[in-house]
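Dear colleague,

Please find below the structure that I am handing over to you. My notes on what was found in it follow directly after.

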Amino acid sequence: MKKKYWILLTLSLAAVLLSGCTEYNEPISSDSKGFWNQFIVWPIVSSIKYFADVFGSYGLGIIAVTIIIRLAILPLTIKQVQSSKKMQELRPQMQELQKKYSSKDAVTQQKYQQELMELMRTSGVNPMMGCLPALIQMPIIIGLYHAISRMNVTPEFELGTFLIFPLAEPSIILAITAGVIQYIVLMTGPAVDNPQMKVMLYIMPIMIIGFGMVLPAALSLYWVVGNIISVVQNLFIYKKPWEKKEENDKPATTGGLKK
């Protein structure tokens with residue numbers, strides 16, 4: 001796909017997301033207008049309501065919808081991971097090209113870009129394929145987050161409690177649980193050798209805990225469930241403990257911090 005079409009796709013998704021952000025704290029109903037409300041947020045709200053009626057709890061409704069959405073986008077997640085792995089495998093060759101064409105003049109950089117594109121073409125790597133799944137997932141994940149937030153300010157939805165946690169009020173326990181599991185997600189994910197990305201390993205869990213302490217527990221519950229699913233995904237995609245003995249002699253390519 002040509003570059004201009006990617007730019008148009010990205011701008012279209014950004015416009016859809018930004019149009020919804022302006023109504024973050026407003027009630028949601030079937031009469032709410034706009035593409036974001038009618039095709040993203042309200043269908044998710046209706047699904048949560050449906051499963052809440054089936055299971056008798058909005059907490060279980062949120063868990064059910066979170067699991068269904070994460071399973072639905074699992075093929076995209078796997079596609080994204082496979083693309084990232086291929087890029088990691090090419091990294092040594094890409095670093096060699098950077099050293100070879102270290103000069104910043106236009107001619108040298110043009111040659112660098114040509115050889116880089118040729119390397120990716122012959123290796124069957126398309127860097128855009130690593131972005132496309134994320135772009136498609138983003139509206140769905142943000143829509144789920146948005147739906148829970150707006151249900152909390154809509155009088156027609158009485159979120160009630162889940163276990164001992166009032167879903168409409170902040171919960172420190174759920175917030176800390178979500179932050180801890182977020183840390184486990186990052187530690188079981190791909191190895192990180194970028195110093196700036198390493199800092200994020202510690203900042204993201206702290207941010208999740210901070211937000212969870214001020215936002216409704218329904219959102220912390222969503223983070224907890226979503227992060228548990230991510231840990232399971234990482235164990236199957238990156239860690240593969242059943243292959244641990246066979247990989248003892250290989251350099252670390254997974255597991256959070258790269259040594």
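A residue is called buried under 20% relative accessible area, exposed over 50%, and partly exposed in between, with a 1.4 Å probe and only protein chains counted. By this scale Tyr-202 is partly exposed, because its relative accessibility is 42%. Tyr-202 is found in helix α8.

Some notes on the source come next. This is a predicted model, in which local features need pLDDT of at least 70 and side-chain atom pairs count only at pLDDT 80 or more, while totals for chains, interfaces and linings use all residues. Residues are numbered from 1 along each chain as its sequence is written, and side-chain values use heavy atoms, with hydrogens and water left out.

Confidence

The predictor's confidence in each residue is given as pLDDT, from 0 to 100. The chain has a mean pLDDT of 79, and 77% of its residues reach 70 or more. Where pLDDT is low, the predicted coordinates should not be read in detail.

Overall architecture

The chain has nine helices and two strands, where helices (H or I, at least four residues) and strands (E, at least two) are DSSP runs numbered from the N terminus. Along the sequence they follow the order α-α-α-α-α-α-β-β-α-α-α. Of the 259 residues in the chain, 38% are buried. A contact means heavy atoms within 4.5 Å; of the contacts with a separation of 6 or more, 74% join residues 24 or more positions apart. The accessible surface, computed by the Shrake-Rupley method with a 1.4 Å probe and, for residues, only the protein chains shown as cover, comes to about 15400 Å². Carbon and sulfur atoms account for 65% of this surface.

Record annotation

An unreviewed UniProt entry lists residues 55–78, 127–148, 160–187 and 199–215 as "transmembrane region"; such annotations may be inferred rather than shown by experiment. In the model, residues 55–78 are 88% helix and 0% strand, with their end C-alpha atoms 30 Å apart. Residues 199–215 are 94% helix and 0% strand, and there the end C-alpha atoms are 24 Å apart.

A nonpolar surface patch

Tyr-202 belongs to a nonpolar patch on the surface, together with Ile-172, Ile-176, Val-180, Tyr-183, Ile-184, Met-213 and Val-214. The accessible area of the patch is about 710 Å². Helix α7 gives the most to it, with five residues, and both α7 and α8 (195–214) supply at least two.

Individual residues

Thr-66 lies in helix α3 (residues 58–72) and counts as buried because its relative accessibility is 0%. Leaving aside neighbours within four places in sequence, Thr-66 is in contact with Leu-144, Tyr-222, Val-225, Gly-226 and Ile-229.

Met-94, in helix α4 (residues 74–100), is likewise buried, because its relative accessibility is 17%. Apart from residues up to four places away in sequence, Met-94 touches Met-87, Leu-116, Leu-119 and Met-120. Met-94 and Tyr-112 are 18 residues apart in sequence, and their C-alpha atoms are 9.7 Å apart in space.

Leu-163 sits in the loop between β1 (161–162) and β2 (165–166). Its phi is near 60°, a positive value in a residue other than glycine. Leu-163 counts as exposed because its relative accessibility is 68%.

With kind regards

Key:
Patches are made of residues with over 30% relative accessible area and no salt bridge: like charges are joined within 9 Å, nonpolar side chains (Val, Leu, Ile, Met, Phe, Trp, Tyr) within 5 Å. A salt bridge is a side-chain nitrogen of Lys or Arg within 4 Å of a carboxyl oxygen of Asp or Glu.
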